[in-house]
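Notebook open, structure loaded. I'm jotting down what I look up as I go.

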Amino acid sequence: MTPIGRSLQAVGSLDAEAAIVALGFVTASVGAFVAYQAFRGYRRNDSRPMLLLAVGIGLLTVVPFVVARGLQVVAPLSDAQYILLITGFDIAGLSAILYSLTRA
């Protein structure tokens, strides 16, 4: 591969990584807004299911982004450890949402 080809490939990978981070930030931001709206519903109506919905959405959208981006600086983990941690938060978030909808 020519030096120009390597340079273009490096720029392309940086653009892809920046796009992934940007989309993750947008997802976390929208998730935080939806969770905040659910929390406002909880405070307004004193509704426990709305609180659980807010917690579930936060665990599903905001926490994985913070864990994936924030923990890289504080405590570098292996890829398997990141996936395990994020999957645990996903399961907890989905469980909270399920409980808020079914009260099971």
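I started with Tyr-42: at 23% relative accessibility it counts as partly exposed, where partly exposed is the range between buried (under 20% relative accessible area) and exposed (over 50%), with a 1.4 Å probe and protein chains only. Before going on, I noted that this is a predicted model, so local features need pLDDT of at least 70 and side-chain atom pairs count only at pLDDT 80 or more, while totals for chains, interfaces and linings use all residues. Numbering runs from 1 along each chain as its sequence is written, and side-chain values use heavy atoms, with hydrogens and water left out.

Next I looked for ring partners. I found 2 aromatic pairs in the structure, taking rings of Phe, Tyr and Trp (its six-membered ring) as paired if their centres lie within 6.5 Å. One of them joins Phe-39 and Tyr-42, with 5.7 Å centre to centre and 40° between the planes, so I logged it as tilted; under 30 degrees would be stacked and over 60 edge-to-face. Both residues sit in helix α1 (residues 3-45), and because they are 3 residues apart, about one helical turn separates them. An α-helix has 3.6 residues a turn, so residues three or four places apart point the same way. Phe-39 is partly exposed too, at 32%.

For the helix labels I used DSSP runs numbered from the N terminus: H or I of at least four residues for helices, E of at least two for strands. The count is 3 helices and 0 strands, and the order along the sequence is α-α-α.

Then the loop between α1 and α2, where I found Asp-46. Asp-46 is not a glycine, yet its phi is positive, about 50°. Asp-46 is exposed, at 63% relative accessibility.

Moving into α2 (residues 48-74), I stopped at Met-50. Met-50 is partly exposed at 28%. What does Met-50 touch, leaving aside neighbours within four places in sequence? I got Ala-38, Gly-41 and Tyr-42, with contact meaning heavy atoms within 4.5 Å.

On to α3 (residues 79-102), which holds Ser-100. Is Ser-100 buried or exposed? Buried, at 8% relative accessible area. A polar atom of the Ser-100 side chain lies 2.7 Å from the backbone oxygen of Ile-97. Not counting residues up to four places away, Ser-100 touches Pro-49, Leu-52 and Leu-53.

I listed the buried residues of α3 as well: Tyr-82, Gly-93, Ala-96, Ile-97 and Ser-100. They pack against α2. I also checked the length of α3: its 24 residues should span 34 Å at 1.5 Å a residue, and the end C-alpha atoms are 34 Å apart, which agrees. The expected span is 1.5 Å times one less than the number of residues. After α3 comes Arg-103, with a positive phi near 55°.

Last, the totals. Of the 104 residues, 21% count as buried. Among contacts with a separation of 6 or more, 56% come from residues 24 or more positions apart. The accessible surface is about 7200 Å², and 71% of it belongs to carbon and sulfur atoms; areas come from the Shrake-Rupley method with a 1.4 Å probe, and for residues only the protein chains shown count as cover.

Technical notes
Polar contact = N/O pair within 3.5 Å; in protein donor to acceptor, adjacent residues only side chain to side chain.
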